[in-house]
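I opened this notebook to record what I looked up, entry by entry.

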Amino acid sequence: MKHSSALLVLALLLPQVHAHAADPKPVHISSAETAVTLAAGTDAPKILELGVNEGSVWHNQNSEPLIDHADVNGKRQAIHWTLNTGASHTKANDVMFVYESQSPHLRLSWQWIARASHGPLEHSIRIENLGDQEMWIPLQDSVRFDWRVPNKDAIEQFWVEKGAGTPSPEGTHQVSLTDGYHWTGESSTYAHPPKGQPREIIPWLLVQRSEGDRSGWYVGIEFSGRTHVTLQREGDSVRVAAGLNPSPGPFRTRLVAHGSFETPTVFLGAFRGGPDGAGNILRTWVRQVLNNPLTIRNTSYPLMVNNSWGTGMQVNEELARRMIHDSSELGLEMFHIDAGWFRGVADWYPDLKKFPHGLKPIADYAHSLGLKFGIWVDWTQAGLDRQPGSLNINDPTVRDWLVSDPPPGWKPQEFKGFTIDIGVPAAHDWAAKEVNRIVSDYSLDMLEHDGYLVAQGCDRTDHPHAPPDPAHITRFKDSGSSFVESSNSTDVSYHATRAYYDIYSRLRKQHPGLMLEICNDGGRMVDFGSAAHGDYFSITDTYDPVSNRRAFYDSSYVLPPAMLESYVEKWPVPRLENFRYMLRSGMMGWFTLMLDASQWTPEQRAAARDEFTLYKSKLRSLIREADLYHISRRPDGIQWDGMQYFDANRRNGVLFAFHGSTPDESEHAFVLRGLRADRSYKLSFHDRSSADQTMSGRDLMEKGVTVKLAAPNSSEIVFIQESRS
Ligand SMILES: [Zn+2]
């Protein structure tokens with residue numbers, strides 16, 4: 001089966017389906033790499049097959065299971081879906097099959113969209129209540145497949161964890177799918193599973209053939225609420241489900257009269273060439289389709305940032321001015337005030353003891369030196385402050401928005417309060433107004449949100465989400481905040497996530513070009529829904545060189561490197577090599593400095609300036625646009641590790657080489673990828689650790705380039721330029 005981008009316009013007309021028709025005519029939708037064949041059955045739609053460009057075909061064995069009942073006035077009613085051909089459509093890039101039920105009166109739209117000529121296809125299901133009565137519906141998965149794969153075929157699964165608080169020792173997983181294999185990966189904005197349970201994943205997985213062209217498919221979820229992906233292999237069957245997480249259940253969600261429910265959008269893509277083959281398609285697609293063209297896709301991004309947290313909560317006007325001046329001298333491009341600037345939690349006004357003239361003059365000063373300006377806010381929290389504009393838990397209105405009643409004597413922490421449920425329309429409206437005010441009042445170019453914007457659970461019975469099951473409410477504490485979990489947790493997160501997306505979509509319209517940093521106690525909200533509503537991610541909450549490289553290694557398999565922010569914190573750097581190693585461990589994606597640079601020696605300052613110049617002049621465009629190759633094992637801090645960028649259009653790239661703590665290995669050969677075997681390449685060693693040399697693409701991709709570094713915890717940057725011949 002040979003596909004080309006021409007297939008994109010090859011979609012067939014929707015077949016005329018009659019009550020007793022034989023199999024419906026297949027309908028095709030495709031991108032350059034991914035071709036999906038669909039069929040509108042009379043009572044259910046079906047994905048017939050998934051084709052990999054110039055590769056294998058995956059055949060699906062079952063129709064898409066649709067919800068089969070709804071509860072109306074406390075009575076269960078069976079749903080019988082019937083295809084409505086008139087309401088359905090088949091366009092080249094957009095296929096929608098519409099099913100209806102007369103009683104209860106519902107419409108279900110099953111849609112596939114190709115939003116770019118390359119990359120995955122998107123799929124979503126919308127269920128509308130056409131009647132005048134409220135009803136409750138059970139969980140509708142976003143997608144389900146049951147691929148027929150001969151039991152003898154060797155296939156494997158690949159997935160990555162979120163960097164969360166600290167990257168785990170493993171992070172990136174590749175395992176064989178043996179008979180009886182059964183796996184579930186979960187994602188929420190919390191990323192703290194019970195002890196002994198697996199870590200949360202970036203909601204995405206890949207399955208590939210273990211041999212040959214290592215072709216296969218991947219599926220990901222564009223949603224930050226509680227989701228899961230499951231995968232099982234039994235006999236000749238490989239089953240996959242993705243969507244909202246049904247556990248803890250039973251899940252149900254309210255469908256108000258004339259209201260609707262939409263499954264989290266999923267994307268399905270085909271690829272060849274293993275995880276980086278998939279990643280180089282997916283990362284580009286995320287940039288083109290999900291990212292904001294005014295920010296992260298702009299040619300001056302990603303920015304180099306100086307963050308105030310290096311001096312902690314003590315930030316004040318004098319310090320901020322000094323850091324802004326320093327940022328300008330060092331060649332950094334944005335000054336970012338972290339927590340510590342406000343009067344109190346949920347009282348997002350400058351502390352006049354620290355900032356007697358407010359934040360506006362600070363922003364003006366940054367702007368006068370050509371820097372952008374951003375701040376940290378945790379805008380879904382309530383606290384105890386009473387000044388006008390603050391959100392106080394004892395205000396009766398605010399109290400109704402809280403996810404639970406605070407325990408007696410509750411007090412906020414230094415920068416953590418009590419979460420409000422932004423799925424409540426009034427809470428959503430307050431938050432939308434407040435973030436708009438913050439951005440306007442303080443002349444922000446960037447707003448960082450931190451903390452748990454999407455409520456983990458909520459025990460309120462008068463919110464739009466389902467009420468909790470009173471017999472099964474789990475209450476637990478983490479980092480001083482209390483959480484609740486019950487059968488309604490997924491529905492709580494469904495409503496809160498939609499509200500969060502809506503608030504940020506409005507904010508972007510109000511402030512075009514505003515950058516939105518997604519931080520959720522570090523890297524707990526690293527997913528494709530946030531990628532569509534924010535600009536860059538804090539990928540972990542642990543900032544030493546190895547943690548930064550590990551979190552980058554994992555998340556860069558699926559997300560554009562330009563979005564992946566590493567905070568670089570103070571670390572022991574007895575030698576200048578160690579200093580560069582520390583900086584460069586955060587320079588493969590979005591770089592944010594988070595240490596007190598006034599403590600640096602003149603040599604360190606000069607070295608830092610050189611590194612920042614290098615980033616802006618040569619690394620940044622590769623980080624933004626080039627293909628990425630994971631050319632070493634995941635960093636362990638002991639052995640060597642490295643990453644390679646290569647831009648096939650501009651025919652140049654770079655190798656980041658890191659020598660871990662071992663004194664025993666003074667050299668390492670990095671086998672490069674993505675080059676042309678029949679071309680030659682000039683290699684330039686930025687630190688002059690070796691003389692420049694020219695090698696053939698074949699040798700570089702078979703034997704590799706040898707980097708020699710004697711000192712432990714050191715690094716080299718090797719530029720790769722295709723020779724003109
Ligand atoms: Zn609630």
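I began with strand S42 (residues 680-685) and strand S45 (residues 714-722), which pair in the antiparallel sense over five bridges; strands are DSSP runs of E with at least two residues, helices are runs of H or I with at least four, both numbered from the N terminus, and two strands pair if DSSP finds at least two bridges between them. I looked up Ser684 and found that its bridge partner in S45 is Phe719.

I noted that this is a predicted model, in which local features need pLDDT of at least 70 and side-chain atom pairs count only at pLDDT 80 or more, while totals for chains, interfaces and linings use all residues. Residues are numbered from 1 along each chain as its sequence is written, and side-chain values use heavy atoms, with hydrogens and water left out.

I then followed the open sheet, whose six strands run in the order S38-S39-S40-S45-S42-S43 with antiparallel pairing. Strand S38 (627-629) and strand S43 (693-696) stand at its edges with a single partner strand each, so one side of each has no neighbour in the sheet.

Next I turned to the zinc ion, whose protein donors (N, O and S atoms within 2.8 Å of the metal, or 3.2 Å for Na, K and Ca) are Asp421 (OD), Cys458 (SG), His463 (ND1) and His465 (NE2), at 2.0 to 2.2 Å from it.
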